[in-house]
Amino acid sequence: MLSLNLPPCEVKVIEKDKKHQIFDPVRKRYVALTPEEWVRQHFISYLITEKGYPKELVANEISIKLNGTSKRCDTVVYNSFLAPLMIVEYKAPNISLSQTVFDQIVRYNMVLKVKYLIVTNGLSHYCCRIDYENRSYSFLHGIPEYTLLGEE
């Protein structure tokens, strides 16, 4: 798999039925190893080991209902009260992070109303903070430490 713009991490990869699978420590099971999943596992490792995100407050493949249809958020991070705090959307490294990707995560946020949105393809990472009071958002210079996200 491709080298990413993230710290190296240990991953468990197996071959089952002639297909590669990667262990997801959040879901506690092996899942199909796709380029997007490669990004997810490295980014989650980065959040947990480098940024102090509690593994217990990170969830993958969260189902939501949007305009009557079922959608899945790639990763949702919760605060200690189990309220959604952040949505992370992953793309494969060869996918550019276009306006379409941002539109997708913004649609998901119409349901969850989180404070932070992240999109990443493993090479580029964008994080923005939503200011609902002033009806604005701002892009941050990096991915914040979990302790800086706030509990409100």
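This talk describes the sheet, the hairpins, the cysteines and the aromatic contacts of one predicted model.

Let me begin with the conventions. Because the model is predicted, local features require pLDDT of at least 70 and side-chain atom pairs count only at pLDDT 80 or more, while totals for chains, interfaces and linings use all residues. Residues are numbered from 1 along each chain as its sequence is written, and side-chain values use heavy atoms, with hydrogens and water left out.

I turn to the sheet. Helices (H or I, at least four residues) and strands (E, at least two) are DSSP runs numbered from the N terminus, and two strands pair if DSSP finds at least two bridges between them. On that basis the model contains an open sheet of 6 strands in the order 4-5-6-7-8-9, with mixed pairing. Strand 4 and strand 9 stand at the edges with a single partner strand each, so one side of each lacks a neighbour in the sheet. From one strand to the next, the twist averages 30°. For this and later angles, axes are lines fitted to C-alpha atoms, for helices over the stretch in contact, and angles run from 0 to 180 degrees between N-to-C directions.

Consider now the pairings one by one. Strand 4 (residues 58-66) and strand 5 (residues 69-78) run antiparallel and are joined by 8 bridges. Within this pairing, alanine 59 stands opposite valine 76 of strand 5. The two strands form a hairpin with 2 residues between them, and asparagine 67 in the turn has a positive phi of about 50°.

Strand 5 also pairs with strand 6 (residues 84-90), in the antiparallel sense over 4 bridges. Here tyrosine 78 has proline 84 in strand 6 as its bridge partner. Which residue takes a positive phi in the hairpin of strand 5 and strand 6? With 5 residues between the strands, that hairpin has leucine 82 at a phi near 65°. Leucine 82 is not a glycine, and its relative accessible area of 61% makes it exposed. The terms are as follows: buried means under 20% relative accessible area, exposed over 50%, and partly exposed in between, with a 1.4 Å probe and protein chains only.

At the other end of the order, strand 8 and strand 9 pair in the antiparallel sense over 4 bridges. Cysteine 128 has phenylalanine 139 in strand 9 as its bridge partner. Helix 1 touches strand 4, strand 5, strand 6, strand 7 (116-120) and strand 8, and its direction makes about 140° with that of strand 6. Helix 2 (residues 99-112) touches strand 4, strand 5, strand 6, strand 7, strand 8 and strand 9, at about 155° to the direction of strand 6.

The loop between strand 8 and strand 9 holds arginine 135. Its phi is near 50°, a positive value in a residue other than glycine, and arginine 135 counts as exposed at 78% relative accessibility.

Next, the cysteines. How many disulfides does a search of the whole structure find? The search finds 0, a disulfide being a pair of cysteine sulfur atoms within 2.5 Å. For cysteine 73, the nearest cysteine sulfur is that of cysteine 128, 14 Å away. Cysteine 73 is buried, with a relative accessible area of 0%. For cysteine 127, the nearest cysteine sulfur is again that of cysteine 128, 6.5 Å away. Cysteine 127 is also buried, at 1%.

Finally, the aromatic rings. Rings of Phe, Tyr and Trp (its six-membered ring) pair if their centres lie within 6.5 Å; planes under 30 degrees apart count as stacked, over 60 as edge-to-face and the rest as tilted. The structure holds 8 such pairs. One of them joins phenylalanine 43 and tyrosine 90 edge-to-face, at 6.0 Å centre to centre and 65° between the planes. Phenylalanine 43 lies in helix 1 (residues 35-49) and tyrosine 90 in strand 6, so this pair ties together parts 47 residues apart in sequence. Phenylalanine 43 is buried at 0% relative accessibility, and tyrosine 90 is buried at 0% as well.

Tyrosine 126 and phenylalanine 139 are likewise edge-to-face, at 6.5 Å centre to centre and 85° between the planes. Tyrosine 126 is partly exposed at 38%, as is phenylalanine 139 at 43%.

Notes:
Contact = heavy atoms within 4.5 Å.
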